[in-house]
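Here is a short briefing to read with the structure open beside you. Take a moment to find your way around the chain, and then we can look at two spots together.

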Amino acid sequence: MPAMVAHVRAAALALLAGLTLAAAPATAQAPPPDADAVAPEAPAPDAPRSVAVGVPWHGRLEHGVQLPEAGTDFVTWDPILQRSPNRDWRRWGTDALVVLLDTVTREYRAAHPGVPPVLIADLSRPQGGPFGRRYGGLGHGSHQNGLDADVMYPRRDRALLAARRPAEVDRALAQDLVDRFRAAGAVRLFVGPHLHLRGPRSIVVALAHHDDHVHVRIANPRRPNAPSAP
């Protein structure tokens, strides 16, 4: 994974621990991350690359990478506890997914000076596998092999909180995020049915329970022709 995590601009263990976010009320906003925070050390060049085994709805993750609690351009969000940061066991993915999340959020904020960091919610569990209701809320029918991530839509009021209803979503910025993930190579983008976000029907798919976030799915780098939806 040479230079993979080096692209992730900030590790927030030290950053957010000092801000006691974990103890904040459920409605507390996440403060912007420190741009001077030190990024995680890149792994040795001979470190094994991530392996997405199976398919997103029936698989597991080998040699996964943990998304930091925050970076210069994103902050993680716990969709169950409704606060930042997301718990560490809910934010594991393939190296390719972590690179894509960092790249897209960085380019998005560069294109929109002054917008808050993007909220990134669940990826996969450390070894992947089922991520259903027993893990909180509605659970996930997929997110099993490190190829999926939930990215919360930007809010119209710029608050670093998840939107609770479609009217709170900045649809222009949400569309821009969707467009950027598609351009970066996402093979599925599940979006809220009430937001009327656009894109190729083979990629951008309206799905219930996605009015507060876009579900980003990338192709399996080792199996590019593997099915990306059931």
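Predicted model: local features only at pLDDT ≥ 70, side-chain atom pairs only at ≥ 80, totals over all residues.

- R91 has a relative accessible area of 3%, so it counts as buried, the cut-off being under 20%.
- The side chain of R91 has a polar atom 2.5 Å from the backbone oxygen of L67.
- A polar atom of that R91 side chain also lies 3.1 Å from the backbone oxygen of N86.
- Setting aside residues up to four places away in sequence, R91 touches V65, Q66, L67, P68, E69, T76, N86, L123 and S124.

- A96 belongs to helix 2, which covers residues 95-111.
- With a relative accessibility of 24%, A96 is classed as partly exposed, because the buried class stops at under 20%.
- I218 and P221 are the contacts of A96 once neighbours within four places in sequence are left out.
- V65 is 31 residues from A96 along the chain, and their C-alpha atoms are 9.2 Å apart.

**Helix 2 as a whole**
- Helix 2 is built from 17 residues and spans 24 Å between its first and last C-alpha, close to the 24 Å expected at 1.5 Å a residue.
- Its buried residues are D95, L97, V98, L100, L101, D102, V104, T105 and Y108.

Conventions: Residues numbered from 1 in each chain as written. Heavy atoms only, no water. Buried < 20%, exposed > 50% of the residue type's maximum accessible area, 1.4 Å probe, protein only. Polar contact = N/O pair within 3.5 Å; in protein donor to acceptor, adjacent residues only side chain to side chain. Contact = heavy atoms within 4.5 Å. Helix = DSSP H or I, 4+ residues; strand = E, 2+ residues; numbered from the N terminus. Expected span 1.5 Å × (residues − 1).
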